[in-house]
Amino acid sequence: MNDKNRITFGLIVFIAIVTFPFWYNLGKASSAPELKLSEKAKAAKECVKPKEIMRQEHMQILDLWRDTVVRDANRAYKSGSGKTFGMSLSSGEESCLGCHESKTEFCDKCHNYASVAPYCWTCHIAPEEKKPEENKPEENK
Amino acid sequence: MNEKYLYSLIAVIALFLLAYAGVEAAGLQYLFGIIIPYLAIITFVVGFAMRIMDWASSPVPFRIPTTCGQQKSLPWIKHNKIDNPFTGGAVVIRMILEILFFRSLFRNTKCKMNEGPRISYVWEKWLWLFSLAFHYAFLTTLIRHLRFFLEPVPFLLQILEKVDGFLQIGLPGVLISGVVLLAAVIFLLLRRILIPQIRYFSLAADFFPLFLIIGIAVSGIMMRYFTKVNIVGVKELTMGLVTFHPHIPEGIGAIFYVHVFFVSVLLAYFPFSKLMHMGGVFLSPTRNLPTNTRAYRHINPWNPEVKIHTYQAYEDDFREKMIEAGLPVEKEL
Amino acid sequence: MANLKPDELIARIDYTPPSTGWMDTPTVIRAGMFCYAAKPPSVETLGLPYAREWNPLDDDWKLPANWKEIVLEGLRDRLERFRSFKVFMDICVRCGACADKCHFFIGTGDPKNMPVVRAELLRSVYRNDFTKAGKILGKLAGARELTLDVLKEWWYYFFQCTECRRCSVFCPYGIDTAEITMMAREIFNLLGLNIDWIATPVSNCYKTGNHMGIQPHAFKDMMDFFVDEIEEVTGVRVEPQFNKKGADILFITPSGDVFGDPGTFTAMGYMILHHYLKVNYGLSITWSTYASEGGNFGFFTSNEVMKRLNAKMYAEAKRLGVKWILGGECGHMWRVINQYMATMNGPADFLEEPVNPITGTKFENAKVTKMVHIAEFTADLIKHGKLNLDPKRNDHLKVTFHDSCNTSRGMGMFDEPRYVIKNVCNNFYDMPINCIREQTFCCGSGSGLNASEDMELRLSGGLPRANAVKYVHEKHGVNMLACVCAIDRAVLPPLMQYWVPEVDVTGLHEMVANALIIPGEKKKTVNLRGEDLPGMEDEADE
């Protein structure tokens, strides 16, 4: 029956769509990106908060920092261990990228993997990489 | 309290506890993160295919489309090509409108008995609107989740997420599809609980998927906005599943396993339930056939041989009377 | 029913369902809401099983001992033969869009008349015996066991469905309760549980050619009587032909129109039109006494019986050697012709593709079934100016049009009859849009429920239709309800009498004939009903 062929065809198309992820990734390895810490970060040993919290909540910390800096002009952050950090994503030695020097290695790797597109870089300019020492551009607010 | 929705609610709560305790207390990450999802997807695909082929195995003996517009007849009478489709192409359009826009549901009216008495039929758009919202939000959410199953993530998917999150509220940005999904599913649930007529014929099997989908939506929203989850770890797990190198990364919270378990239950439940309307809508003989039966003969594969009362037998019964009345006969007396 | 006044009937309607679930609410078979059981001889005519005397009000229905087995086997068999049935059993999500679309629900408030619940009555048993979920989860999955009470409940409610398909227009999956009702009724027939108002017409139609059981000579007698009547009104003596070999066209219409008013006026209308075409254009149209029934109550029995009755149309057309068949005004007759006939009894290779010999119009939409609806035919004649009409003769009428369920949702014939009406009378007002065309309401008596013992059911089910007529009556002064269905002509008069007594009922071709200027006619002063024509009142008095 003609009808049955058509139904079978439709069903095959449907199953192909449902199983799309299986054959899209065929033959690809499934390794998650390894996070490489810069020498500077390794040397610093500690971040503003423990690693697990940083992994899951850094976006909210950054959000909070932005508000604090802009509204209260407060640029210093005192961590639990008493260490002081600059409340800035990319300005100065004490900023995030001051320590985690490579945006590509530190930010993009995971963001790309999880398909996350933060809008940090619509305002901020990522520091030039490769050269460890360089001029930090002004935070353009 | 209505036992029908109570049972369904209890079932979903039990499923939650099972997954939560299974991971938190018993450490069954491997079961809930790998074995059950694999079984669920197999059940879904095989069960879905079997259901469709089971339907296909029954023939369509008669061509019985519901005609919802003017037939094609005389050339000067305006033919409603979509609601009374004469050709296969027109049927395709009718089906597209049905499947993508819920055209029949769009016609919905609400009947009311007024003083007079005058019975009125008012256009009732809310069921249509929320059903459409629910299905599209679910679809968008589903497609968005492909980011966990594809590496590299295709560009189109990134665009979709950008569009879905264009409001840029909060961090991580609110995705409209998730909010709409939850709102619509709650509307559909409340409708079933609050409208007496709908409640009257709703089954436990109608409440269960609604509660389950609410569970899926809530656990997903929790993970994204509140409890947070190790997203890279999650993708590592999901990518492991789709590349057939399953493994359980460290540091993923129990709520993720609850979410995955709910989805697995929904998938496995799908082929055995009314959710199969997804496939069935394509096979409905009142919608998917052209209305040209007077111009093209539809074949019934089991067209039965039947005994009929022939003219000869009829004339034999009445010959005398027919002749007397002056009616022509084949055989004189 | 005479004991319940319209406002009392309305007051009784309550759309709030009871607090107990439908499975736990027993069904009580109530007089006035069902039709009498089939008499054994009528069941025997066609050799259908378990013919016996039984009464729906009795506890014992005298069922065969293995009735349950027969029902379940009947279900299984039909699930395998009808995809529609199988899919409709599986995919309903109980969204409720159909719930308030049924005229029986609107008119009775009985929640088991919501199409979704009507279907669930059967689905619950389907789940119990044919699905995994139902077998494992039982009542939670909406399953229940088949018991005698369940069977009786089916019988009661599947004979409270007129197979009008209004619910299927609104269903997002096109689930058609008519299809489910048809399956249920096929199963009843496996147990000898038909109603007499269906079984006896079927038996009559099989044996004598028409539902009324009118034998050939009596059929001719009645037509002769119409000839006299027509002569009295018009002065023209028409000469209908019967069983005429070599005629151009075979004409088949429901026998109800030969039998009772106001259908008889429509039958006279056909005869006048045939005469007009014969005299003016030499067109030879014949009636048949063998195929003297357009309607097909087999449609309400089983697909096999429907086929057995329908077969006569082609058989007679072949025997007489006509070119094609013209069908009269009827509802379910046209669903059968439009959606079943060619499949069941085709191909009709011995006929020609229908062409109107007067206008040259090819009826391409009917090229394989070779059967044309008389509204299509007449509309074509009018469009080409082939009928000499004086619509002023119908000026005393303010007309609205009732779309029959079957020609609407099983065919889609909306504009042809309206075109004809607008050309034969000057005052036409459609009912509100949600009550006409594909959303039309049933007369409340379709699918073989037009008996007299179920009058309460019929008047309740006809309420939505009557209410819409009342609306145009009050707004525009409508006094005539036109229709293209013999059952409508039989059942709408008592319905109107009950709800809107000021409105009368007519067939389309009664109005056509009244407006038609026949060659050689005398100065007409009255119409076919013997009512004064507008402007001719004085002449009538002479």
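This is a predicted model: local features need pLDDT of at least 70, side-chain atom pairs count only at pLDDT 80 or more; totals for chains, interfaces and linings use all residues.
**A friendly note on chains A, B and C**

1. To find the two domains along chain C, look at residues 14-194 for domain 1 and 202-515 for domain 2, as the domain assignment gives them. Taken over C-alpha atoms, the centres of these two domains of chain C are 31 Å apart.

2. Now turn to the contact between chains B and C, which joins 83 residues of chain B with 95 residues of chain C. Several elements of chain B supply at least two residues each to this side: the helices α4 (103-106), α8 (196-201), α9 (204-226), α12 (277-280) and α13 (311-324), along with the strands β1 (109-114) and β2 (118-123). Which element of chain B gives the most to the side that touches chain C? That is α13(B), with six residues.

3. By class, the side of chain B that touches chain C holds 45 nonpolar residues, 25 polar ones and 13 charged ones.

4. Chain B also meets chain A, in a contact that takes 31 residues from chain B and 26 residues from chain A. Here the chain B elements that each supply at least two residues are α2 (29-57), α6 (155-164) and α10 (231-242). The largest share of this side of chain B comes from α10(B), which provides seven residues. Sorted by class, the side of chain B that touches chain A has 18 nonpolar, six polar and seven charged residues.

5. Last comes a helix of chain A. Helix α1 covers residues 2-18 of chain A, 17 residues in total. From its first C-alpha to its last, α1(A) reaches 25 Å, close to the 24 Å expected at 1.5 Å a residue. How many of the 17 residues of α1(A) are buried? The count is zero, and α1(A) is hardly covered.

Key: Residues are numbered from 1 along each chain as its sequence is written. Chains are lettered from A and ligands numbered from 1 in the order in which they are written. Helices (H or I, at least four residues) and strands (E, at least two) are DSSP runs, numbered from the N terminus. The expected span of a helix is 1.5 Å times one less than its number of residues. A residue is buried if 20 or more other C-beta atoms lie within 10 Å of its own, exposed if 12 or fewer, and partly exposed in between; C-beta atoms are placed from the backbone. Two residues are in contact if their C-beta atoms, placed from the backbone, lie within 7 Å. Ala, Val, Leu, Ile, Met, Phe, Trp, Tyr, Cys and Pro count as nonpolar, Asp, Glu, Lys and Arg as charged, and the others, Gly among them, as polar. Domain bounds come from an automatic or database domain assignment.
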